[in-house]
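Please read this briefing beside the sequence and the 3D view. It is arranged by topic.

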Amino acid sequence: MRTNRLLGAALVDHNLVKMEDLEKANERLLEVLASNQPRQSTVLGILAYEMKVVREDDVLQHIVEQEGAGLVDLRNYETSDEIKKSLDVGACWATWSVPFDREEEFYFIATAYYLSPAVRAFWEKQFGAQIIWYGTTLDVIADYLEKMEAEQLANAGGTRTPFAKPGSKAPFPAAGAPAKPAAAPSAAKSA
């Protein structure tokens with residue numbers, strides 16, 4: 001809830017959505033939470049895909065131009081076994097973020113929720129290291145997490161996932177994003 005609340009406030013602060021639209025989206029988010037639909041529990045998804053008052057592309061463009069983050073599409077990215085083994089899928093769903101690589105003392109995290117200070121603070125505390133942030137879409141995060149859940153399930157010998165029915169699609173329509181990580185801009189922020 002906190003990540004959604006702070007993302008919504010940041011979207012208003014950066015003039016990406018109007019306060020009245022955010023209030024409506026927050027009401028809808030409470031309905032979604034009450035109906036136990038965790039994969040739909042995203043204020044950004046509600047604003048972009050239900051209400052259509054902001055486009056994810058506009059949010060991504062903002063974080064690239066104003067915050068210095070790069071962009072990444074994880075659908076064809078092969079994550080190291082070290083990252084996969086330590087991946088907390090629940091935390092990734094809650095923050096709409098995915099650690100996807102590590103090089104020396106730097107972690108690379110893709111997120112659809114970069115503008116939420118709670119998300120950045122969570123991952124900085126989690127790793128206690130410098131982070132290079134990449135923006136991506138909700139759809140890319142959902143696709144990646146579905147893949148990771150399937151791998152974890154297969155490795156554990158299980159047969160069901162907690163967030164989706166077998167064969168379900170990502171919660172939102174695909175949106176364009178670069179095919180591979182963009183070079184980290186020189187102004188990349190570690191928070």
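What follows treats a cavity, a hairpin and a surface patch in turn.

This is a predicted model, in which local features need pLDDT of at least 70 and side-chain atom pairs count only at pLDDT 80 or more, while totals for chains, interfaces and linings use all residues. Residues are numbered from 1 along each chain as its sequence is written, and side-chain values use heavy atoms, with hydrogens and water left out.

**Cavity**
- The structure holds one cavity of 30 Å³ or more, a cavity being a set of points on a 1 Å grid over the protein atoms alone where a 1.4 Å probe fits but cannot get out.
- The space in the largest cavity is about 50 Å³, where a volume is the space filled by probe spheres set on the grid points, which are joined across faces, edges and corners.
- Its lining residues (those with an atom within 4 Å of a point) include L44, E56, T111 and T136, and helix α4 (residues 56–67) gives the largest share, four residues.

**Hairpin**
- Strands β2 (residues 97–103) and β3 (residues 106–111) run antiparallel and are joined by six bridges; strands pair if DSSP finds at least two bridges between them, and strands are DSSP runs (E) of at least two residues, helices (H or I) of at least four, numbered from the N terminus.
- S97 stands opposite T111 in β3, and T111 is also among the residues that line the largest cavity.
- Two residues lie between β2 and β3 in this hairpin, and E104 in the turn has a positive phi of about 50°.

**Surface patch**
- M1, L30 and L33 make a nonpolar surface patch of about 300 Å², with accessible areas from the Shrake-Rupley method with a 1.4 Å probe, only the protein chains shown counting as cover for residues.
- L30 is found in helix α2 (residues 19–34).

Terms used
Patch = residues over 30% accessible without salt bridge, like charges linked within 9 Å, V, L, I, M, F, W, Y side chains within 5 Å. Salt bridge = Lys/Arg side-chain N within 4 Å of Asp/Glu carboxyl O. 1 Å grid on protein atoms, 1.4 Å probe; cavity = no way out; pocket = protein on both sides within 12 Å on 5 of 7 lines; lining within 4 Å.
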